[in-house]
Amino acid sequence: MPWWTTSTIPKEFLKLERRDLFDELISFIKDKQIITLTGLRRTGKTVLLHHIIDHLLKQFPKENILYYNFDLFDETIENILEYYQDKVKLDFKKEKIFVFLDEIQKRDNWENELKVLYDNFPNIKFFISGSSSLFIEKKTKESLAGRSFSFILKPLTFKEYLKLKKVSFDEK
């Protein structure tokens, strides 16, 4: 995690505009439920997760935030958390931890792994994302019923596009 050494998310994410969905997502940070973010490829899910991390870095110790991308490696969620715990020496039963699992649909049986961890570690707040929204939605409804809030990141709205291009407009 680059923020463990720099205390900030990578510059390529910082320079991008926050999506309108950002404010809605951060309003659920204090809730126990898993935040599930789906959408088409290249709509900005990873960037949005990093913007949430940036928001959290202003309120929580940098070591309490973990990001893992299943595009890069395929590891069990439990092994990821064990490695993380060994690195940062945090007590998952006492500390508030934020775990971001990007492109989770690439991990087989992720929903059952996540269910066990969610039930056993109430201080861990999970954020998961993936491009296969129907696949993730089905798995979430089956195994994570009552344990998650689902959001869809759609392509840019015209208003977001104008903000991105720094075009002023009347928001009435």
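I started with Leu21 and listed its contacts, leaving aside neighbours within four places in sequence: Leu37, Leu48, Phe151, Ile152 and Leu153. For me, contact means heavy atoms within 4.5 Å. Before going on, I noted that this is a predicted model, where local features need pLDDT of at least 70, side-chain atom pairs count only at pLDDT 80 or more, and totals for chains, interfaces and linings use all residues. Residues are numbered from 1 along each chain as its sequence is written, and side-chain values use heavy atoms, with hydrogens and water left out.

I found Leu21 in helix H3, residues 21–26. Helices here are DSSP runs of H or I with at least four residues, strands are runs of E with at least two, and both are numbered from the N terminus. Is Leu21 buried or exposed? Its relative accessibility is 13%, so Leu21 counts as buried. My cut-offs were under 20% relative accessible area for buried, over 50% for exposed, and partly exposed in between (1.4 Å probe, protein chains only). I then checked Leu21 against Ile152: they are 131 residues apart in sequence, with 8.8 Å from C-alpha to C-alpha.

Next I looked up Glu12, which sits in helix H2, residues 11–14. At 45% relative accessibility, Glu12 counts as partly exposed. From Glu12 to Leu48 I noted 12 Å, C-alpha to C-alpha, and 36 residues in sequence.

**The whole chain**

I counted 8 helices and 5 strands in the protein. Along the sequence I read the pattern α-α-α-β-α-β-α-β-α-β-α-β-α. The radius of gyration is 16 Å, close to the 16 Å from the globule rule for 172 residues, so the protein is as compact as a globular protein of that length. That radius is taken over C-alpha atoms, and the rule is 2.2 Å times the number of residues to the power 0.38. The C-alpha trace spans about 50 × 35 × 30 Å along its principal axes.

Of the 172 residues, 44% count as buried. Among contacts with a separation of 6 or more, 80% come from residues 24 or more positions apart. I put the accessible surface at about 9600 Å², with 53% of it belonging to carbon and sulfur atoms; the areas come from the Shrake-Rupley method with a 1.4 Å probe.

**H5 against H6**

At what angle do H5 and H6 pack? I got about 45° for H5 (residues 77–88) and H6 (residues 110–120), with their axes 9 Å apart. That makes H5 oblique to H6, since under 35 degrees counts as roughly parallel, over 145 as roughly antiparallel, 65 to 115 as roughly perpendicular and the rest as oblique. H5 brings Ile77, Glu78 and Leu81 to the contact, and H6 brings Trp110, Glu113, Leu114 and Leu117. By class, I noted 5 nonpolar, no polar and 2 charged residues there.

**Two positive phi values**

Arg42 has a phi near 70° and lies in the loop between strand S1 (34–38) and helix H4 (45–57). Its relative accessibility is 82%, so Arg42 counts as exposed.

Where is Lys89? I found Lys89 in the loop between H5 and strand S3 (97–102), with a phi near 60°. At 60% relative accessibility, Lys89 counts as exposed.

Note on methods: Axes are lines fitted to C-alpha atoms, for helices over the stretch in contact, and angles run from 0 to 180 degrees between N-to-C directions. Ala, Val, Leu, Ile, Met, Phe, Trp, Tyr, Cys and Pro count as nonpolar, Asp, Glu, Lys and Arg as charged, and the others, Gly among them, as polar.
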